[in-house]
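Have the viewer open as you read.

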Amino acid sequence: MSASETSRYVRLRVELLLEVTDSDQLTAAALERVESDEFLPDEERTHARSAVREDEAEALAYLVEPTDLIGEVPGVDLAQASWSSERAEHDPEAFAWEEFDGEDGEEDGDYLDEDEDEDEGEERGLRP
């Protein structure tokens, strides 16, 4: 890709930490999503049922559609998307979001705790 083609693309990173307050409700909603997915092959559906019953992070990954964040933003087309979910430790006293340094728009630091690994967890992706 030339420099002019590359400059047309923007990577938007969003990180959320969610607290599961009702595991049964989350699992039921994920199972409903899996059952209603008309494009999911039977073999994958069987695996998906098992995954969402065993892991709340998997259940959440079946329910959250990060592509909905951009909705109908004017002037942009979604070129590619991926997301992941994983169990995480949370100590509200120990973890603070890093601030932007304000000079070049870059963050001062990484949003992951030192013990976390970006490559862990189940990743979902799509290309429209």
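Which residues does Ala30 touch, not counting residues up to four places away in sequence? They are Val52, Ala59 and Leu63, with contact meaning heavy atoms within 4.5 Å.

## Ground rules

This is a predicted model: local features need pLDDT of at least 70, side-chain atom pairs count only at pLDDT 80 or more, and totals for chains, interfaces and linings use all residues. Residues are numbered from 1 along each chain as its sequence is written, and side-chain values use heavy atoms, with hydrogens and water left out.

## Helix α2

Helices here are DSSP runs (H or I, at least four residues), numbered from the N terminus. Helix α2 covers residues 23–36, and its end C-alpha atoms sit 20 Å apart, which agrees with the 20 Å that 14 residues should span (1.5 Å times one less than the number of residues).

## Two sides

Leu26, Thr27, Ala30, Leu31 and Val34 are the buried residues of α2 (under 20% relative accessible area, 1.4 Å probe, protein chains only). Down the helix axis they fall within an arc of 130°, so they line one face; the arc uses directions from the axis to the C-beta atoms. Their cover includes α3 (42–54) and α4 (56–63). Asp24, Gln25, Glu32 and Ser36, on the other side, are exposed (over 50%).

## The core

The largest nonpolar core has 9 residues, among them Leu40, Ala48 and Tyr62; such a core joins buried Ala, Val, Leu, Ile, Met, Phe, Trp, Tyr and Cys through side-chain atoms within 4.5 Å. Its largest share, 4 residues, comes from α2.

Definitions and conventions:
Helix = DSSP H or I, 4+ residues; strand = E, 2+ residues; numbered from the N terminus.
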